[in-house]
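Trainee: Could you walk me through how this protein is packed inside?
Mentor: Happy to. Let's look at it together.

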Amino acid sequence: MTNKAKERRAVLDQMVMTRPRTEPAERPALAPRQLGPIAEQANLYVEHVALRAKHYDEAKAQGLLLTRIDPKTIRATQYRNRSDLSLLLHDPKFVKLTKSISARGQDTPIRVRPIKDALPFEFEIVAGHRRHAACLALDASTNKGFPIVAMVDAAAGDTLDLVRKMYRENEDREPLSAHETGMMFKHWLDTKVYPTQEAIAVETGQTKQNVGRYIALASLPDYVVKAFRDHRLISLRWSSELSGAWQSRGAELKALAEDLAKRTPAPTPDAVFAELIGSAPRKKSTTARASESIKEGNKTLFELSAREGRYGIRLGKHVDKRLRKELQQDLKEWLHAWLKQRSPGSAQ
């Protein structure tokens, strides 16, 4: 090092040594009221990560592939059972779902199956049409895209397996409306997924009579359905009377239904039903309804209600839904034996 270089180095060292030291500013402590939202967001994130890990472990145990997929490469199946009204951007429940996924991420993956020779589509939905539609909407609203979390289930290549998984998933999540359920059952029959209504009843645990009511609701002509504006609001208990009115009143009912569809403001679903069947709106029964909850510890096993000779049983939320079919059969056999034993003339 030359003498001049040494001199310059000495000057620089002196400047550094004599420069006043500045202490780093202390970061102000967060007020207690500020910690609340932060802790809440942290807890939500922890729950989100735990749920994602749970789904990953479940998928791994079942031999499924859990991955992120461009939602534009996924198409709906012909067996989908969600109404288009449930996938519209202005539907309140759909808006709530989309906002939740945008803010917190997608907690529950959809289930898809691989397909061939259908580009640009590479997968088809087994279950999760609403979540897919929400991710599609979010994908379209950002330049970065919005991948969807999906379980790739190659075993769902079988149509029967597909419809079974779709039905079970909807039972456990946002329930289908009566009309959506009827359209699903009707499509199963039309495409010969199930040969008869009896086969559908066995598979779903519904009674044969209920399956018939659902299908009758789905078989109503379009002009009757449009009179309600939103077919998700049509009650299953109206099925028989609406079918009877349609078959007996023909052109007269069609003219009335088309008039109801145009009225402003729109009449309520109950009012539409009352006019279509030609009666005044039914008054709610004022008869008291007795109910009793049967519990085991802190958990409700079931709730028993009775009114005017009608009895109802509502199972607790924690009871396995797969027990419904077995319970229905056991109750039928027990009630038959109980009434037979107590009927007049029976042997005591």
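**Cores, a buried valine and a strand pair**

Trainee: Which residues does Phe228 contact, leaving aside its neighbours within four places in sequence?
Mentor: Keep in mind that this is a predicted model. With those sequence neighbours set aside, the partners of Phe228 are Ile234, Trp238, Leu242, Pro269, Val272, Phe273 and Leu276.

Trainee: Which element gives the largest share of the largest nonpolar core?
Mentor: That core has 37 residues, and Phe185, Trp188, Phe228, Leu242 and Leu276 are those with the most contacts inside it. Elements giving it two or more residues include α5 (159–172), α6 (178–190) and α11 (269–276). The largest share is six residues, and the element supplying them is α10.

Trainee: How many residues are in the second, separate core?
Mentor: Look for Phe94, Phe123, Leu138 and Ile148, which are among its members. The size of this second, separate core is 17 residues.

Trainee: Is Val225 buried or exposed?
Mentor: Val225 sits in helix α9. Beyond its neighbours within four places in sequence, Val225 touches His179, Leu220, His231 and Ile234. Its relative accessible area is 11%, and the cut-off is under 20%, so Val225 counts as buried.

Trainee: What is the count of buried residues in strand β8?
Mentor: Strand β8 (residues 310–315) pairs with β7 (residues 299–307) in the antiparallel sense over six bridges. Within that pairing, Leu304 stands opposite Ile313 of β8. Still, β8 is hardly covered: among its six residues, the buried count is zero.

Terms used
Residues are numbered from 1 along each chain as its sequence is written. This is a predicted model: local features need pLDDT of at least 70, side-chain atom pairs count only at pLDDT 80 or more; totals for chains, interfaces and linings use all residues. Side-chain values use heavy atoms; hydrogens and water are left out. A nonpolar core is a set of buried Ala, Val, Leu, Ile, Met, Phe, Trp, Tyr and Cys residues joined through side-chain atoms within 4.5 Å. Buried means under 20% relative accessible area, exposed over 50%, partly exposed in between (1.4 Å probe, protein chains only). Helices (H or I, at least four residues) and strands (E, at least two) are DSSP runs, numbered from the N terminus. Contact means heavy atoms within 4.5 Å. Two strands pair if DSSP finds at least two bridges between them.
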